Amino acid sequence: MELSGLQIFKYLPAAKKAEHTNCKQCKCPTCMAFALKLAKNQVKISDCPYVPDELKEKFEQAQKLPQKTVEINGLKAGGENVLYRHEKTFVNPTALAVVVDVAKTGYEEKIKRLENFEITRVNETFKVDLIILRNCNRDIKTSLRCIKEEDFLKLPLINAGKEDFNATAKNLINIRKKAIQEKDDKFSDPTYVYFKSSLDIYEVCAQASFYICKYANMLIFEDFDEALFSTLITLRQNIFTDPQKPLQVEPKIYEFNNPDENSIIFMTTNFALTFFAVANELENLNVPSYLVVTPADGMSVLTAWSAEKFTAQMAAKTIKKFGLAERVKNRKIIIPGLLAHMQKELQDEIEDFEIVVGTREAYEISDFVKNL
Ligand code: SF4
């Protein structure tokens with residue numbers, strides 16, 4: 001735990017009304033000013049000659065990094081500072097690694113499958129993070145990051161796997177708590193869990209999903225399964241997004257299936273998850289369409305409306321800025337069903353277009369368009 005200014009102040013002469021109170025030797029006007037600056041690391045603890053040993057120890061402990069980071073050819077594992085993402089953010093997504101046994105026939109095909117695997121979601125493209133080469137005494141050519149097993153085993157990582165799921169889950173939670181809350185050096189290395197090939201794929205998926213949430217820094221699989229990795233990467237992306245940085249896309253007019261001046265027009269905000277949900281539907285419709293994306297600081301439709309990031313004036317301004325009226329002859333804009341209460345307000349502001357209330361959910365768009 002970091003020390004606050006007040007926690008530091010309690011140990012200084014001014015708090016104890018002792019000799020040297022506010023003596024300014026630290027070049028701060030008061031002990032309180034020094035304490036506040038020290039909490040922000042703007043001064044050194046050695047600047048005050050009257051800091052007691054107890055505070056020195058507490059401060060040193062507070063300065064220690066909770067979890068170390070291990071780097072494998074550019075892949076970072078560990079380095080986490082919090083137990084829960086909402087406290088700040090998680091740092092390095094759980095790495096997903098696959099073992100390739102070079103002594104087994106067919107290993108080249110396995111490497112090819114690993115190289116060919118790729119998933120793009122919410123503007124990010126993911127591949128397998130690491131190949132661990134077993135029984136390998138030569139260089140293997142692959143476009144993916146790889147490490148020989150003997151070198152991997154020398155890394156400062158904790159194998160958190162136990163006899164069963166319950167024991168492993170408890171162990172992972174215990175290790176992370178010791179590292180974060182107690183800054184215990186014995187538990188500060190990143191953790192991994194190993195999945196043998198004999199396990200049922202659904203069991204592996206359920207267990208691995210839990211371990212991504214709590215608290216494996218790396219998962220290693222003997223078997224590779226594209227569907228499993230797609231599922232785990234999707235979950236991982238959700239868990240490891242920074243809650244302080246909303247996922248957003250560029251506000252502009254997006255085109256689907258070569259629209260012309262008579263194509264249908266949808267509108268939404270620039271929250272990435274909303275955008276990709278709607279964009280996916282429009283892409284698969286096989287009907288030419290436009291999607292007007294308004295700037296809303298990456299907020300979803302209702303959040304943007306309640307935070308006044310989506311107003312009738314802003315929507316009108318966006319349409320004008322992108323020259324929609326000049327681009328199309330169609331004079332109807334379909335707004336999200338969640339904004340039905342804004343229809344009149346939008347209509348008053350956007351004179352060139354008729355405002356039509358669309359669906360509340362993206363998956364309903366297909367039926368909605370068929371009935372237009
Ligand atoms: Fe207070 Fe120490 Fe600074 Fe003197 S040197 S003002 S005792 S913090």
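Q: Over the face of which residue does Arg331 lie?
A: The model is predicted, so local features need pLDDT of at least 70 and side-chain atom pairs count only at pLDDT 80 or more, whereas totals for chains, interfaces and linings use all residues. Residues are numbered from 1 along each chain as its sequence is written, and side-chain values use heavy atoms, without hydrogens and water. A charge sits over a ring if NZ of Lys or CZ of Arg is within 6 Å of the ring centre and within 35 degrees of the ring normal. Arg331 lies at 4.9 Å from the ring centre, over the face of Phe353.

Q: How many aromatic pairs does the count come to?
A: Rings of Phe, Tyr and Trp (its six-membered ring) pair if their centres lie within 6.5 Å; planes under 30 degrees apart count as stacked, over 60 as edge-to-face and the rest as tilted. By this rule, the number of aromatic pairs is 13.

Q: What is the angle between the planes of Phe117 and Phe229?
A: Phe117 lies in the loop between α5 (107-116) and β4 (119-121) and Phe229 in helix α9 (residues 226-240), so their pair ties together parts 112 residues apart in sequence. Helices (H or I, at least four residues) and strands (E, at least two) are DSSP runs, numbered from the N terminus. The pair is edge-to-face, with 6.2 Å centre to centre and a plane angle of 85°.

Q: Is Phe152 buried or exposed?
A: Phe152 forms an edge-to-face pair with Tyr192, at 5.5 Å centre to centre and 70° between the planes. This pair links helix α6 (residues 149-152) to strand β9 (residues 191-195), with the two residues 40 apart. Buried means under 20% relative accessible area, exposed over 50%, and partly exposed in between (1.4 Å probe, protein chains only). Because its relative accessibility is 3%, Phe152 counts as buried.

Q: Which residues of α8 make the contact with α7?
A: Helix α7 (residues 165-181) and helix α8 (residues 201-213) pack at an angle of about 10°, with axes 10 Å apart; axes are lines fitted to C-alpha atoms, for helices over the stretch in contact, and angles run from 0 to 180 degrees between N-to-C directions. Contact means heavy atoms within 4.5 Å. On the α7 side stand Phe165, Thr168, Ala169, Leu172 and Ile173, and on the α8 side Gln207, Phe210 and Tyr211.

Q: With which residues is Ser188 in contact, leaving aside its neighbours within four places in sequence?
A: Ser188 is found in the loop between α7 and β9. With a relative accessible area of 2%, Ser188 is buried. Leaving aside those neighbours, its contacts are Pro66, Gln67, Lys68 and Ala179.
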